[in-house]
Amino acid sequence: MSNGNLGSYYGDFLLEAANRWPGPLAGYAKQWIANLKPSVERFWQATDNSGAVKPTPFTSLALDFYAPGPEMAWSRSAWGGTMLATKFSGTQHAHGHRDAGSFQIWANGRFGSRETVGYANL
């Protein structure tokens, strides 16, 4: 695999995900690898037994997601490079970000409004 800009960590992890977790997750992992062509260490290539797993197009994923615990919501108009995507954070997060109510908007490969988190000790 060829995309050295990503390092091998992501490619190694996604190839192992395709091997370890059968079903839809394996297909999405293979699609990610097919799209980005990350480098993968030889060790992980040698232990790859996911050859029968076919890439699953991201278009089969939902266009929105809400995580009730941290009260975070993501939404997109479509899967692909020209979509509109939004993210909203509803409450303070346990990991220390001071970003309740923050949001971001991404459209056509650019930020319309970028989320900026704070790490103040209030």
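## Report on a predicted protein chain

The protein chain has three helices and five strands. The model is predicted. Of the 122 residues in the protein chain, 25% count as buried. Among contacts between residues at least 6 apart in sequence, 36% join residues at least 24 apart.

**Confidence**

The mean pLDDT of the protein chain is 83, and 84% of the residues score at least 70. Confidence is lowest in strand 5, residues 110–113, where the mean is 89. Strand 1, residues 64–67, has the highest confidence, at 93. Where pLDDT is low, the predicted coordinates should not be read in detail.

The largest nonpolar core consists of seven residues: Leu-14, Leu-15, Ala-17, Ala-18, Ala-29, Ile-33 and Val-40. Helix 1 (9–20) and helix 2 (24–36) each contribute at least two residues to this core. Helix 1 gives the largest share of the core, four residues.

The loop between helix 2 and helix 3 (42–46) contains Lys-37. Phi of Lys-37 is positive, near 50 degrees, and this residue is not a glycine. Most residues other than glycine have a negative phi. Lys-37 counts as partly exposed because its relative accessibility, 43%, lies between the limits of 20% and 50%.

**Aromatic and charged groups**

Eight aromatic pairs are found in a search of the whole structure. One of them joins Phe-43 and Trp-44, whose ring centres are 4.9 Å apart. The planes of Phe-43 and Trp-44 stand at 80 degrees, so the pair is edge-to-face. Phe-43 is exposed, with a relative accessible area of 53%. Trp-44, at 27%, is partly exposed.

Tyr-9, Tyr-10 and Trp-32 make up one aromatic cluster. A charged group also meets a ring: the charged end of Arg-76 sits over the ring of Trp-79, 3.9 Å from the ring centre.

Strand 1 and strand 2 (residues 72–76) pair in the antiparallel sense over four bridges. In this pairing Asp-64 stands opposite Ser-75 of strand 2. The hairpin of strand 1 and strand 2 has four residues between the strands, and Glu-71 there takes a positive phi near 55 degrees.

Strand 2 is also joined to strand 3 (residues 84–89) by five bridges, and the two run antiparallel. Met-72 stands opposite Ser-89 in strand 3. In a regular strand the side chains alternate between the two faces of the sheet.

**Met-83 and its surroundings**

Which residues does Met-83 touch, leaving aside those up to four places away in sequence? They are Arg-76, Ser-77, Ala-78, Trp-106, Ala-107 and Asn-108. Met-83 lies in the loop between strand 2 and strand 3. With a relative accessible area of 11%, Met-83 is buried, because this value is under 20%. The C-alpha atoms of Met-83 and Ala-107 are separated by 5.8 Å, although the two residues are 24 apart along the chain.

Asn-108, one of the residues touched by Met-83, is found in the loop between strand 4 (103–107) and strand 5. Asn-108 has a positive phi of about 50 degrees, although it is not a glycine. At 54% relative accessibility, Asn-108 counts as exposed, because the value is over 50%.

**Accessibility of selected residues**

The table lists the relative accessible area of residues described above.

| Residue | Relative accessible area | Class |
|---|---|---|
| Met-83 | 11% | buried |
| Trp-44 | 27% | partly exposed |
| Lys-37 | 43% | partly exposed |
| Phe-43 | 53% | exposed |
| Asn-108 | 54% | exposed |

How values were computed:
Residues are numbered from 1 along each chain as its sequence is written. Side-chain values use heavy atoms; hydrogens and water are left out. A nonpolar core is a set of buried Ala, Val, Leu, Ile, Met, Phe, Trp, Tyr and Cys residues joined through side-chain atoms within 4.5 Å. Buried means under 20% relative accessible area, exposed over 50%, partly exposed in between (1.4 Å probe, protein chains only). pLDDT is the predictor's confidence in each residue, from 0 to 100. Two strands pair if DSSP finds at least two bridges between them. Contact means heavy atoms within 4.5 Å. Rings of Phe, Tyr and Trp (its six-membered ring) pair if their centres lie within 6.5 Å; planes under 30 degrees apart count as stacked, over 60 as edge-to-face and the rest as tilted. A charge sits over a ring if NZ of Lys or CZ of Arg is within 6 Å of the ring centre and within 35 degrees of the ring normal.
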